[in-house]
Amino acid sequence: MTPNDKFALPVPTQADTKVLAEASKSTNSTYQLLYFPMHGRGELTRTLLVFSGAKWEELPLDLDVQKQQLPFKLIPILYETAPDGTILELAESHAIERYLATKYGLNGTDPYSTHKIDQIYTSTDFANQLFWQRVRWAPLDRRIEEAHKFYDEILLPYIANHEAQLESNGGNGYYFGESITLADLKSAHFIDRVLFMRPKGTKEPPFSKEKSPNLWKVLQRVNGHPAMTAWKKTKRYQDLDAGSLSFFQF
């Protein structure tokens with residue numbers, strides 16, 4: 001056994017597309033995730049696996065060893081092993097998230113409802129990307145200034161739009177119907193990140209029960225779900241919190 005054996009990756013099954021498509025229908029698969037020891041672009045994938053109730057684990061990471069084996073030379077990568085032993089390699093965070101949400105009933109049931117959920121997902125993802133660009137990656141000496149601009153220029157319009165969307169569903173804490181979907185998970189994660197990654201010395205972000213009551217209900221619905229409550233209590237989740245703060249120097 002060589003040192004690199006520790007970082008060996010699962011070997012995707014080479015088979016006809018129909019065979020792989022059939023394997024993807026299983027809801028009894030097991031999963032292995034390859035990503036950094038922080039939340040980042042692996043956060044929602046981990047949450048979807050938690051909500052699914054599937055068995056999953058994280059693979060040891062060494063990109064110097066593993067990078068050339070990855071389809072786009074980027075992570076996260078999710079390996080799915082179906083009950084018959086077929087191994088599927090899933091790449092790109094957004095594609096992984098939509099795949100898992102569809103498989104485990106957290107996406108739409110028809111093209112229109114899927115589109116409506118994807119509208120919210122895409123809107124929130126755009127705001128989240130701006131949070132990364134403007135705040136997370138901002139030089140330390142400009143982080144407070146950039147955070148305040150982000151709160152005023154991006155968050156306030158985002159909140160107004162999403163409060164209206166949620167109000168149209170009765171203000172019940174869900175974007176659609178009376179159950180959690182990918183839209184709710186995406187927005188709850190975004191709110192969590194903005195609150196958790198608040199630069200020291202900044203004013204409070206405009207997410208609160210008073211300033212964004214409908215979005216706050218979404219956050220409470222997601223974080224109050226038994227699967228999410230249990231996940232957040234684990235040492236692994238706390239380590240991911242610490243890894244995120246350390247990486248971005250918060």
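## A guided tour of the predicted model

For "domain: GST C-terminal", an unreviewed UniProt entry lists residues 110-242; UniProt positions follow the numbering used here, feature names are shortened, and annotations may be inferred rather than shown by experiment. Select residues 110-242: the end C-alpha atoms lie 39 Å apart, and the span is 69% helix and 0% strand. Helices (H or I, at least four residues) and strands (E, at least two) are DSSP runs, numbered from the N terminus.

This is a predicted model, in which local features need pLDDT of at least 70 and side-chain atom pairs count only at pLDDT 80 or more, while totals for chains, interfaces and linings use all residues. Residues are numbered from 1 along each chain as its sequence is written, and side-chain values use heavy atoms, with hydrogens and water left out.

Please select residues 30-34, strand β1. Four of its five residues are buried, so β1 is largely enclosed by the rest of the structure; buried means under 20% relative accessible area, exposed over 50%, and partly exposed in between (1.4 Å probe, protein chains only).

**Strands β3 and β4**

Next, select residues 77-81, strand β3. β3 pairs with β1 in the antiparallel sense over five bridges, and Leu-78 in β3 is the bridge partner of Leu-33.

**Helix α10**

Finally, select residues 235-247, helix α10, whose 13 residues reach 18 Å from first C-alpha to last, close to the 18 Å expected at 1.5 Å a residue; the expected span is 1.5 Å times one less than the number of residues. Which residues of α10 are buried? They are Tyr-237, Leu-240, Asp-241, Gly-243 and Ser-244. Seen down the axis of α10, these fall within an arc of 165 degrees, so they line one face of the helix; the arc is that of the directions from the helix axis to the C-beta atoms. On the other side of α10, Lys-235 and Ser-246 are exposed. After α10 comes Gln-249, with a positive phi near 55 degrees.

How values were computed. Two strands pair if DSSP finds at least two bridges between them.
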